[in-house]
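Student: I have a protein chain to look at and would like to go through it by question and answer. Where do we start?

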Amino acid sequence: MGKKTIHVSDFSGTVLRPDDEVVRVVVLEHPDLVAGPVQLDATTAEVESIDDAALDVAVVEIHDRHGGGEPRRVVLTASEFDAMATDVPMAQLLKTAERVRPPKARKAADKPDYGTIEYAGRPHRGRVTEEEARLVREQLDEVNKRLADAGIRQVDPADPEHALRYDFPAATTTAPTAS
């Protein structure tokens with residue numbers, strides 16, 4: 001017994017033949033879309049009028065001044081949005097408006113800042129900054145208490161590697177060589 005798969009257009013329900021030019025339409029936003037983007041299959045002929053039907057729109061976010069809650073996202077025709085600018089034409093306003101910086105990458109936000117007392121002295125691969133070394137030297141007891149509480153090795157100024165890494169006075173001697 002064999003199986004046969006038949007592909008159909010999601011728009012019209014017509015059978016898609018092997019020689020049909022099939023396109024994938026990804027729906028990113030729609031009032032009836034509840035669980036995120038979806039994809040639909042169609043022929044190029046079925047979607048060729050999409051560009052003609054496309055609207056010039058403005059997509060804006062409205063942020064509450066008091067920072068309460070998420071911003072509201074609104075889609076409106078570009079002409080409706082343009083009409084809101086009564087002093088200066090919208091095209092000119094958009095050219096001179098303050099740029100919005102994209103949010104910093106999430107990975108950087110999760111990276112510990114070793115230049116703070118919370119992370120100073122913890123083992124890490126990166127270079128020890130002047131700020132981290134200063135914190136470790138000036139607040140060694142507090143740094144070591146935090147390290148001990150976390151079950152991490154403590155900083156020992158007598159250890160030549162630690163002395164060099166955190167610029168303790170003993171670091172002025174020559175660094176140990178590998179045997």
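Tutor: Start with a definition: a residue is buried under 20% relative accessible area, exposed over 50%, and partly exposed in between. Keep in mind that this is a predicted model.

Student: Is Asp167 buried, exposed or partly exposed?

Tutor: Asp167 sits in the segment after α8 (160-165). Its relative accessible area is 48%. Exposed needs over 50% and buried needs under 20%, so Asp167 is partly exposed.

Student: What is the phi of Asp167 near?

Tutor: Asp167 is a residue other than glycine, and its phi is positive. The value is near 60°.

Student: Is Pro37 buried or exposed?

Tutor: Pro37 belongs to the loop between β1 (22-27) and β2 (38-43). Its relative accessible area is 54%. The cut-off for exposed is over 50%, so Pro37 is exposed.

Student: How many Å apart in space are Pro37 and Val27, C-alpha to C-alpha?

Tutor: Along the sequence, Pro37 and Val27 are 10 residues apart. In space, from C-alpha to C-alpha, the distance between Pro37 and Val27 is 5.4 Å.

Student: How many helices and strands does the protein chain have, and in what pattern?

Tutor: The protein chain has eight helices and four strands. Read along the sequence, the pattern is β-β-α-α-β-β-α-α-α-α-α-α.

Student: What percentage of the residues of the protein chain count as buried?

Tutor: The protein chain has 179 residues. To count as buried, a residue must have under 20% relative accessible area. The share of residues that count as buried is 18%.

Student: Which elements give two or more residues to the lining of the largest pocket?

Tutor: The largest pocket holds about 320 Å³ of space. Its lining includes Val59, Val60, Glu61, Met90, Leu93 and Leu94. By class, the lining has eight nonpolar, no polar and four charged residues. The elements that give two or more residues to the lining of the largest pocket are β3 and α4 (90-96).

Student: Which element gives the most to the lining of the second largest pocket?

Tutor: About 270 Å³ of space lies in the second largest pocket. Val25, Val26, Val27, Leu28, Glu29, His30, Val59 and Val75 line the second largest pocket. These divide into six nonpolar, one polar and one charged. The element that gives the most, with three residues, is β1.

Student: How much space lies in the largest cavity?

Tutor: Unlike a pocket, a cavity is a set of points where a 1.4 Å probe fits but cannot get out. The count comes to one cavity of 30 Å³ or more. The space in the largest cavity is about 40 Å³.

Student: How many residues of the lining of the largest cavity are nonpolar, polar and charged?

Tutor: The residues that line the largest cavity are Ile117, Glu118, Tyr119, Ala120, Arg122, Val143, Arg146 and Leu147. Glu and Arg count as charged, while Ile, Tyr, Ala, Val and Leu count as nonpolar. The lining of the largest cavity therefore divides, by these classes, into five nonpolar, no polar and three charged.

Note on methods
Residues numbered from 1 in each chain as written. Predicted model: local features only at pLDDT ≥ 70, side-chain atom pairs only at ≥ 80, totals over all residues. Heavy atoms only, no water. 1 Å grid on protein atoms, 1.4 Å probe; cavity = no way out; pocket = protein on both sides within 12 Å on 5 of 7 lines; lining within 4 Å. Points joined across faces, edges and corners; volume = space filled by probe spheres on them. Buried < 20%, exposed > 50% of the residue type's maximum accessible area, 1.4 Å probe, protein only.
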